[in-house]
Amino acid sequence: MDASQPLSAFQTRTCRRIATIVFAFTLTAGLMFTLSPYAPEKYLQRMAGTASDTFKTSLIPHSFKTSLIPHCGDFTGSDEIWAASQTKYQNLRDDKFTIALQTYRRPKELNDTLSNLLSEEIPSLIKVVVVWNDVDNAPPPNYKSKHGVSVRYRQSKQNSLNQKLWPDPAYETQAIFLSDDDIYYKPKDLEFVFQTWRKFGRRRMTGGFTRCADRDADGRWTYTLCSTNEDHNYYNMILSGLAFTHISFMDYYFSQDDVPQKIRAYVDEHFNCEDIALNFITSLMTGEGPLLVKGRDSYVSAVPKVGISTKPGHGEARSKCLNDYYDMFGCMPLVNETSHIELGVILS
């Protein structure tokens, strides 16, 4: 036998051991890296002064990630229901979107908004669903726009603000653009906002209508329009009058978990604040703040003389919602954000 053979065997055994150790280390490190974004500490972000990084969501693949619900104070969320909500919709299209446009006895505003949205081609828009909350009068017939976009009127069983957030089984897309009948992006801008949502906003409320929850000296939460002074350059909500959301957030909103059930009852009782509730749920689920996206032009807002937001005491009512939701959840899940994305502006 050649004298070099025992040495070769020794070298082989050594190499195998080294390879085994390297593999085990790599596997462990990989698992730690994969699981680290879902650690509870990340989710339980309080209203700190630091902003989240707008572009961190670019690392998230197009398939909507499953995440664990944090235990946030008194909030009793079900991991299984949230995971099922995401799995249920993973086969829906993610390259197109649907508009869910809520209206109630405002034909002029509705017709103006539909006319402007459908005046030009929006390549990724496949359907507009008009959530018709007038339970006493039948909606107009469905039709198809000159660019081939289907417009379907869905009459609600009750006049409820929750109806816009219902995850309609007939939806064909993961992306749902929530809209009111008196506000809209211009067509080219709306396509840009959708493509931005696909890249950066799937785990966020993404749109053009910011609001803020601020805490006063007494520890109460106050609903504000977001100040622009140097000490207050953040926002923490994007309202559902002009926002993209993933349908799985809507599905969880309509789940039988304890807090979503309480929220829906609260919205019906007060006829307000479904948009604030969806922001709470979204940030709680993902631990991320909203995303403001601006088009080349400002969004168009034709605020009518009569509406929920024009009633006396509207701001106080919204502040009450913030504090009541805070009590329901047992914490403040909203996350401050300072960044935004704007069409035609190059960010360095």
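How many aromatic pairs does a search of the whole structure find? The search turns up 17, counting rings of Phe, Tyr and Trp (its six-membered ring) whose centres lie within 6.5 Å. This is a predicted model, where local features need pLDDT of at least 70, side-chain atom pairs count only at pLDDT 80 or more, and totals for chains, interfaces and linings use all residues. Residues are numbered from 1 along each chain as its sequence is written, and side-chain values use heavy atoms, with hydrogens and water left out.

**View 1. Phe194 and Phe244, one of the aromatic pairs.** The ring centres are 5.7 Å apart and the planes sit at 40°, so this pair is tilted (under 30 degrees counts as stacked, over 60 as edge-to-face, the rest as tilted). Phe194 belongs to helix α5 and Phe244 to strand β11, so the pair ties together parts 50 residues apart in sequence. Helices (H or I, at least four residues) and strands (E, at least two) are DSSP runs, numbered from the N terminus.

**View 2. The open sheet of 9 strands.** Follow the order β3-β4-β2-β1-β5-β11-β7-β12-β14, with mixed pairing; two strands pair if DSSP finds at least two bridges between them. The edges are β3 (143–144) and β14 (340–342), each with a single partner strand, so one side of each has no neighbour in the sheet. Helix α4 (residues 107–117) packs on the sheet, touching β1, β2, β3, β4 and β5, and its direction makes about 160° with that of β1. Contact here means heavy atoms within 4.5 Å; axes are lines fitted to C-alpha atoms, for helices over the stretch in contact, with angles from 0 to 180 degrees between N-to-C directions.

View 3. Look for Ile99, whose bridge partner in β5 is Phe177.

**View 4. Helix α7 against helix α9.** The axes of α7 (residues 258–270) and α9 (residues 314–329) come within 11 Å and cross at roughly 160°. That makes the two roughly antiparallel (over 145 degrees; under 35 is roughly parallel, 65 to 115 roughly perpendicular, the rest oblique). Among the residues that meet are Tyr266 and His270 in α7, and Tyr325 and Phe329 in α9.

**View 5. The open sheet of 3 strands.** The order is β9-β8-β10 and the pairing is antiparallel. Strands β8 (residues 210–215) and β9 are joined by 4 bridges, and Arg215 has Trp221 in β9 as its bridge partner. Helix α9 lies across β8, β9 and β10, at about 135° to β9.
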